[in-house]
Amino acid sequence: MEASILAALAGLVLKKLAAETWEQIELVLKVRNQRLKLQKTVSAIKELLLEAEQRKNQGRQQLRDWLGELTDALYDADNVLDEFHYHSLQRQVESRGGIVEGTVRRSFFTFTEPTFSYKMGRKIKKIRKTLDDIAADWSRLCLPELGVDMGIVQRDQSYSHVDPSDVIGRDHDKNVVIQHLRLWTETLSVIPIVGIEGIGKTTVAQLVYNDPWVAAHFKLRMWVCVSEDFDVERLIKQIIDSAEGGNCGEVSMDEAQIRLRSVLMEKRFLLILDDVRNNDRGRWLDLERFLREGEADSKIIVTTQSRSVAAVMGTVPMHELSHLSFEDSLSLFTKLAFDNRVQERLPSLESVAQEIVERCGGVPRLLRTTACSLYSITEQRIWFSKRDTALKLRLDGLPSALRQCLALCSIFPTNFILYNLRLIQLWIAQDFINSSHPNEDLEDAGRQYMDILCSSCVLQRREQDYGDFFYVQIHNLIHDHAREAAQPEYTVLNFHSNAHPSQTNIRHVSLSEDEWPAAEGVLDVLKALGKANKVRTILCPFVRV
């Protein structure tokens, strides 16, 4: 299993360890201490997994073995936490006369059985020791040591300049955003540009920022790259720096806000807040109140990957960027890969280029990265190798939680069509869905996952489409790669094959073929499943879901 999928599993364990129920447990102190220590260890390991994913070292056999050991340990931790949750529900049923209530009561958690407390304490301690030992092996892989504070990962700082001749296929998006800017508003207006990573949100904002009409209309234009850390004081100072073309320096928050209000006073301004990830409305309002000093018809453009951020900050409907058409994608790719060097545009390379472009899925950043890596290279074998690399880079851009959902999709047969709501329910059953806030319905959060996978062209809408209810199909090219990335924990058992995979590591399995086999074939599969004593999911795809 790839590190990104395993990171999602670590996140699931952390979510269970941090659940509200733990805070109300009146168990023996030893259990509480072990739980807190386990939480700290898993949190640090999750950071290591994210680092491993960034470094792309999964191909090293040593690291793959380490990931395998860690997979077993994290699943064991998840099983113990589920066991405790089951015991808790059982106690609640008994205490409520057989009815489980939806809310957690303090009186529910009054465990007095010393046997259970001792048993749970021993199990958690054993798992923590195993994880600590696995983490200690990290140093053998010549990667960062456990306990190093990874901090907040910042993207490269964006900037306002762009050469329009370098951009292909975004004129329509630019015009849509400028139409919003042309609409006069008495109060501050916020226009969200939404899209997946690398789709061109920053590029569209740059095109708008440098448009002649925009430059003439707004007396003051400012550009700030926000990224992960939505620190109001830092952002105020960066806005001042952008407005004045200088360095705000070390001034107090009070001095900074006075200076910002003075800079904006009676000026119609345009502010670009690029790559916003914070969906905490409180933080946004803390910043927004200092931006009201501008003249009427001032505007803010926000670029973000998150629809929830757009909902929190936007005052007009968001503009969501779509993928480039195949024609625009091919134009961008050939421009960067060949750069008008007609003599090197061999017919054999052009045919491979079309395959690479298809695998890039209309994502401009991926097209640019792949094309630039092939510049001046004329060996066909290298171009062929980039086909799969482009697809892998495309999937690597997905968050780890979505990679986990995609892994479950990979055990369905190729070209299999699934009902979207049933697939979301499968994800929920596996605890793959994380809601963005406590009151959010899990199915609503699951629909957001589905929207991202469909907008990324990882899943394709098929057959009848009734708004929120539709059928999806995993793209053929992505299916094979996703299955390879998820093995051996996610696998398929074939009725008509004697070569069944090792059963020791199987966690999620589907039974292939559309029809039941002969009796002896069923017996073989049942024997294989009998040895797979760690299985969590058994799917029969020939029963339509």
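Q: Which helix holds both E233 and K237, and how many residues apart are they?
A: Keep in mind that this is a predicted model. Both residues sit in helix α9 (residues 232-244), four residues apart, about one turn of the helix. As for cover, E233 is partly exposed at 31% relative accessibility, whereas K237 is buried at 14%.

Q: What do the side chains of D444 and R447 do in helix α19?
A: They meet in a salt bridge, 3.3 Å from N to O. Here the spacing is three residues, about one turn of the helix. D444 counts as partly exposed, at 39% relative accessibility.

Q: How many salt bridges are there in the structure?
A: The structure holds 21.

Q: Which parts does the salt bridge between D72 and K534 tie together?
A: The closest N and O atoms of D72 and K534 are 4.0 Å apart. D72 lies in helix α4 (residues 61-95), while K534 lies in the loop between α21 (519-531) and β11 (537-539), so the bridge ties together parts that are 462 residues apart in sequence. D72 is partly exposed at 21%, and K534 is partly exposed at 31%. There's a network here too: D72, R507 and K534 are linked by salt bridges.

Q: Where do K37, R122, K125 and K126 gather?
A: They gather in a patch of positive charge on the surface. Helix α5 (residues 114-136) gives the largest share of that patch, three residues. K125 is in helix α5 and counts as partly exposed, with 47% relative accessibility.

Q: What is the phi of D275, and what is that of D431?
A: Most residues other than glycine have a negative phi. D275 isn't a glycine, yet it has a positive phi of about 60 degrees. For D431, also not a glycine, phi is positive at about 70 degrees.

Q: Where are these two, D275 and D431, and are they buried or partly exposed?
A: D275 is in strand β3 (residues 269-276), and at 4% relative accessibility D275 is buried. D431 is in the loop between α18 (420-429) and α19 (442-455), and at 27% D431 is partly exposed.

Technical notes
Residues numbered from 1 in each chain as written. Predicted model: local features only at pLDDT ≥ 70, side-chain atom pairs only at ≥ 80, totals over all residues. Heavy atoms only, no water. Patch = residues over 30% accessible without salt bridge, like charges linked within 9 Å, V, L, I, M, F, W, Y side chains within 5 Å. Areas by Shrake-Rupley, 256 points an atom, 1.4 Å probe, with all protein chains shown as cover. Lys, Arg positive; Asp, Glu negative; His and termini not counted. Charge placed at Lys NZ, Arg CZ, Asp CG, Glu CD. Buried < 20%, exposed > 50% of the residue type's maximum accessible area, 1.4 Å probe, protein only.
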